[in-house]
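Let's take a walk through this structure together, one part at a time. Have the sequence and the 3D view ready.

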There are 2 protein chains.
Amino acid sequence: MSKSNLQLVHECNTFPYYQDNPAAYTAHLKNYHIFKVQGCSSNLGYITNEVVSRFDWPKESWVVDSADQTVTLVAGSTPEARSAAVAQTLALAVKQDRFEVLRGWRDEMYPVYGPAGEFLLEMERCASPLFGIVSYGIHVTCYVEDATGLRLWVPRRSKTKQTYPGMLDNTVAGGMSTGEKPFECFVREAMEEASLPEDIVRANATSVGCVSYTYVRDSRAGGETGLVQPEVEYVYDVKLAADVIPKPNDSEVEEFCLFTVDETKKALANGEFKPNCAVVLIDFFIRHGIITPENEKDFLEIITKIHRRLEFPTASHAAN
Amino acid sequence: MSKSNLQLVHECNTFPYYQDNPAAYTAHLKNYHIFKVQGCSSNLGYITNEVVSRFDWPKESWVVDSADQTVTLVAGSTPEARSAAVAQTLALAVKQDRFEVLRGWRDEMYPVYGPAGEFLLEMERCASPLFGIVSYGIHVTCYVEDATGLRLWVPRRSKTKQTYPGMLDNTVAGGMSTGEKPFECFVREAMEEASLPEDIVRANATSVGCVSYTYVRDSRAGGETGLVQPEVEYVYDVKLAADVIPKPNDSEVEEFCLFTVDETKKALANGEFKPNCAVVLIDFFIRHGIITPENEKDFLEIITKIHRRLEFPTASHAAN
């Protein structure tokens, strides 16, 4: 059955809103423990109760309060010491093979920030959905526009990729590790994933905002389901000349195809795109006058839901 | 003192958020009665307690519940009948000169929608902040882009205008009356406010999304302060050729000037723009790569706050 744009948004921004139903929201939160760091008043993530019960939480590093439903990191007073304590806990879980998601170890560190944008700690990327922390990335739509109209460069993910195998993707996308800036991440990924050289990227790219949403992992993501994944994706448009062709440069992408707007809409409605890539394309279509208030009855709801104010502090990626 | 972009956003999106401080938010809501319509479960607006006490609420049309803090329109079961009851209540208040904002009678009707997008009633535009209902409009940025860079067409509001006299504005902006569609409103206002002919508008305009926020009226708005004004503004960009010059066509605009990006930023920081026009320009700068994650530390907070999920049902303006 064909999916509406709003359905696609809901597949990506799955976590409920307080304002829709305060009682149901409060009841839903009972399914999670809140991830906290000693000395910081903010909530930093949602850990499902099942994950809480499956972890071994070394007593010298963690306080698990079942009444308050909090898991507080009490070890360390510096980012280095906190990160080391988390790494130790994760290493034990890997050794015990407690979580499927930890089998996808990436050797990439994701940061966690406090309410004033202060860097609190970092942890292995594949562990971030276990803690439900905010993650950051970049998503890029490369397109060509000529007399025949607008066409988009759409890659298909490798069938052997661990997450969302075989699904359609945004032209370039990637996660931002600790310390990385959005544009820098974009330039790196453009070469790694699409063989696009830095000079072409810099000459043709426009920073156009971000999308944010709170995803709840389903089976397509691989590993445990129901994990909370609040995300911010910085968004870029790149208008390419017709003779610039993105090419796979690693094993992550199978091929790039040039889709018309109608082909892209059809693939969206068929559910062929990875959920957060669908959201980025919907945002692209809104900014380019393809989805309008007159042709999309859910226009307002879509726009507010793909720019969700997250439940947790978010980072500043500005140069100091 | 120079205002940051986030401060400008906060001047427009003033109403607090539950998630920032649930207790303070709940306490703040005690300052309002909720506007409701019999038979509709949704909240439709916030009426300040002072406005509640100053209105005469004819008993045959209204139930004021001081314990629940609700004002419920009980008269009528059709939009026509409900609107007539509201009109009668307003006519009495005008006769008694109870509210300053009602001195600015516009003879324009603003609609109120229920949770399924159903049209519930309409009321005179200048009364809408008394009931705190969602209002809809269009805001347009006309710009020219050439070898010297991007410049924006910025009008100055007439010094005799009732609201925000003498302040800077978006090139074209206007409120949507009952039944009007966004693009249709834009075409009408482009001629009325900037003498831009329909063919030029249609050939050069792009629908690029919307901004939404909950404004609390300050003295610059004229009339009673503290009134709640949740708004959705559909946003359009119009890239104009250098020889197309917007010209005032009514008494609302004093003059149009072509501002560089730096001149616009300076006027924003000086607080010279009407608050919601500042928000539209910030959105324009974000979409055009002028405000980026690397040069704006509040990038994420700004984007989520100018796409606020409103506390009330919103309309669909799609063609049926």
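Start with a hole inside the protein: the lining of the largest cavity has 11 nonpolar, four polar and four charged residues. A cavity here is a set of points, on a 1 Å grid over the protein atoms alone, where a 1.4 Å probe fits but cannot get out, and lining residues have an atom within 4 Å of a point. Grid points are joined across faces, edges and corners, and the volume is the space filled by probe spheres set on the points.

Before going on, some ground rules: this is a predicted model, with local features needing pLDDT of at least 70 and side-chain atom pairs pLDDT 80 or more, while totals for chains, interfaces and linings use all residues. Residues count from 1 along each chain as its sequence is written, chains are lettered from A and ligands numbered from 1 in the order in which they are written, and side-chain values use heavy atoms, leaving out hydrogens and water.

Back to the hole. There are four cavities of 30 Å³ or more, and the largest holds about 160 Å³ of space. Of its 19 lining residues, the closest to the centre are A:Asp283, A:His307, B:Asp283, B:Arg287 and B:His307. Strand E10 (205-216) and helix H9 (275-287) of chain A, along with strand E10 (205-216) and helix H9 (275-287) of chain B, each give the lining at least two residues. Helices (H or I, at least four residues) and strands (E, at least two) are DSSP runs, numbered from the N terminus.

How do the two chains relate? A rotation of 180° with 0.0 Å of shift along its axis puts chain A on chain B, with an RMSD of 0.0 Å. That is the relation of a two-fold axis. In chain A, the C-alpha nearest the axis belongs to A:His307, 3.2 Å from it. The superposition is by least squares on the C-alpha atoms of residues with pLDDT of at least 70 in both copies. And 100% of chain A's interface residues are also interface residues in chain B, so the copies meet through the same surface.

Take B:Tyr18, which sits in the loop between H1 and helix H2 (22-29) of chain B. At 24% relative accessibility it counts as partly exposed (buried is under 20%, exposed over 50%, partly exposed in between, with a 1.4 Å probe and protein chains only). Not counting residues up to four places away in sequence, B:Tyr18 touches A:Tyr18 and B:Tyr25; contact means heavy atoms within 4.5 Å.

Finally, look at B:Glu189 in helix H6 (residues 182-194) of chain B. Is B:Glu189 buried or exposed? At 8% relative accessibility, B:Glu189 counts as buried. Beyond its neighbours within four places in sequence, B:Glu189 has contacts that include B:Ile138, B:Val172 and B:Ala194.

Note on methods: 1 Å grid on protein atoms, 1.4 Å probe; cavity = no way out; pocket = protein on both sides within 12 Å on 5 of 7 lines; lining within 4 Å. Nonpolar A, V, L, I, M, F, W, Y, C, P; charged D, E, K, R; others polar.
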